[in-house]
Amino acid sequence: MTVQRYCFTFEIAPGTESEYDRLHREIWPEMAAAIRDAGYRNYSLFRRGTEVICYCECVPDAATCAERMAERHAEVRARWNVLMEPFITRMADDDGRLREYPLAWHLEDE
């Protein structure tokens, strides 16, 4: 099975950390199902202060998963994005690109 490991970061507004965490602990079942159906696996969010790091494994790759999410689950994704909008203060770098981190090394590839 082809899998792309994918990582990116973003910032949330100071003072919203607890509510941001709570909403993710209580993620809507239909949103979790949509993430799985799109091909995302091991989807994890790590937070330190206002910085959030997202790591996931995409089957077969991140672009395909994003396309599936947009095509199959546009409605739930749009509702979730509206809910998250007040929290996220910085999603892109100064050039407008998602703040992605390319994979440098993975033990299982050895």
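Contact means heavy atoms within 4.5 Å. This is a predicted model, in which local features need pLDDT of at least 70 and side-chain atom pairs count only at pLDDT 80 or more, while totals for chains, interfaces and linings use all residues. Residues are numbered from 1 along each chain as its sequence is written, and side-chain values use heavy atoms, with hydrogens and water left out.

**View 1. The contacts of Tyr40.** Apart from neighbours within four places in sequence, Tyr40 is in contact with Ile35, Cys56, Glu57, Cys58, Ala62, Cys65 and Ala66.

**View 2. The largest nonpolar core.** A nonpolar core is a set of buried Ala, Val, Leu, Ile, Met, Phe, Trp, Tyr and Cys residues joined through side-chain atoms within 4.5 Å. Buried means under 20% relative accessible area, exposed over 50%, and partly exposed in between (1.4 Å probe, protein chains only). The largest such core has 22 residues, of which Tyr20, Tyr40 and Cys58 touch the most other members.

**View 3. The buried side of α1.** Helices (H or I, at least four residues) and strands (E, at least two) are DSSP runs, numbered from the N terminus. Glu17, Tyr20 and Leu23 are buried in α1. They lie on the same side of α1 because they cover an arc of only 130° around the axis; the arc is that of the directions from the helix axis to the C-beta atoms. The face turned away from this buried side carries the exposed residues Ser18 and Arg25.

**View 4. The buried face of α2.** Met31, Ala32, Ala34, Ile35 and Ala38 are buried in α2. Their arc is within 160° seen down the axis, so they line one face of the helix. The buried residues of α2 pack against β2, α3 and α4.
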